[in-house]
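Please have a viewer open while reading.

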Amino acid sequence: MKTYLVTGGAGFIGSNFVLYMLGKYDDVKIINLDKLTYAGNLENLTEVENHPNYRFVQADICDKEAVEKLFAENEIDYVVNFAAESHVDRSISNPEIFVQTNVLGTVNLLSAAKNAWQVGDDTYREGCKFLQVSTDEVYGSLGETGFFTETTPLDPHSPYSSSKTSADLFVKAYADTYKFPVNITRCSNNYGPYQFPEKLIPLMINNTLQHKDLPIYGDGMQIRDWLYVEDHCKAIDMVIRDGKLGEVYNVGGHNERPNVVIVKTIIEYIKENVDSAVGEHMMKHVEDRKGHDRRYGIDPEKIKNDLGWYPETTFEVGIKKTIQWYLSHKEWMENVTSGAYQAYYEKMYAGK
Ligand code: NAD
């Protein structure tokens, strides 16, 4: 039995990872540590809340005492650090909390894990590992050609990606300085069930279904490399089990599409299958995001060659599954889009 400390396990990817691991293995125990910010939602985890191998702890990754207590009371084998402030727009209006959680929180986790796992000078309990879940945004923006490899220089632009880059550098520093056992995964844009509707795909699905304007930043030609969330979970599982210590692995499915094409795909599916009144007339171009990166594209050859990972879900299949999931989870959407979300939504998009 291996014990995983999953941080941010009530968020989009974290909750998918918890469900994936408990669905796949009988011999894993998961402690989910999450602060439950606006993005954390225990409704994502109702199907495992009484699972004998699952436990939820509400805490902040920056809280030294709470994190150290968890290590003292449990023999934790792996840390999988998803916990983060994750939305670029929010980082532009409030960078400080991104430094707090993404940088200081990660260092706090590293320090607690190091103290708990250390058995001698630069040696640690056999088999332990700290996995930092990072993003392709640390590499900056690409031109029309080329891909990010693990050796592409780090060149973040937004406060979000700068905070994730700083965290990656601290993880690297722990490996270089203390020989601490780590891996970093850098994944492209995820989509799938349980994604908070401030992110492109669930925002557009929700707005289309509700006959609201579909806000398109600038010309909508920003290119992102989309990966179905379960394929990301599979990659993380493989890196924890077989990733070579100290290595970075890029994760992406060569699935690049401009944002406006994603929006048109969603409209088309809903028009054909759900509501013939929706259409491209609902798209409304709004002022572009400040410093908006034009193109991200991942080269996933290393994780494919070294660990045998490959994406199982094509975009065509994944986007249909995702839209259908939101259609069959209307109550989930209603719950997350009430209250605080409304105020945020009005501030970000109303009047633009
Ligand atoms: P999310 O915003 O949906 O979830 C973040 C979770 O972290 C929430 O449950 C939140 O409550 C929790 N959290 C925030 N601050 C915390 C704190 N101080 N202490 C404890 N918990 C805290 O994010 P996501 O989209 O699921 O992303 C998860 C991770 O994956 C992030 O580190 C992100 O940088 C990375 N990532 C995301 C994508 C993507 O497309 N969404 C792509 C690549 C990498």
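Two strands pair if DSSP finds at least two bridges between them. Strands (E, at least two residues) and helices (H or I, at least four) are DSSP runs, numbered from the N terminus. The model is predicted: local features need pLDDT of at least 70, side-chain atom pairs count only at pLDDT 80 or more, and totals for chains, interfaces and linings use all residues. Residue numbers start from 1 along each chain as its sequence is written.

**Strand β11 and its partners**
- Asn189 stands opposite Trp226 in β11.
- Strand β9 (residues 189-191) runs parallel to β11, with 3 bridges joining them.
- On β13 (residues 256-258), the pairing with β11 is antiparallel, again through 3 bridges.
- Here Arg224 sits opposite Arg257 of β13.
- In β11 (residues 223-228), 5 of 6 residues are buried (20 or more other C-beta atoms within 10 Å of a residue's own, C-beta atoms being placed from the backbone; exposed means 12 or fewer, partly exposed in between).

**The open sheet**
- Its 7 strands follow the order β3-β2-β1-β4-β7-β8-β12, with parallel pairing.
- The edges are β3 (54-58) and β12 (248-251), each pairing on one side only.
- From one strand to the next, the twist averages 20 degrees (axes are lines fitted to C-alpha atoms, for helices over the stretch in contact; angles run from 0 to 180 degrees between N-to-C directions).
- Between β1 (residues 2-7) and β2 (residues 28-34) there are 6 bridges, and Lys2 stands opposite Val28.

**A loop residue**
- Glu287 lies in the loop between β14 (283-286) and α9 (301-307).
- Glu287 counts as exposed because it has 9 C-beta neighbours inside 10 Å.
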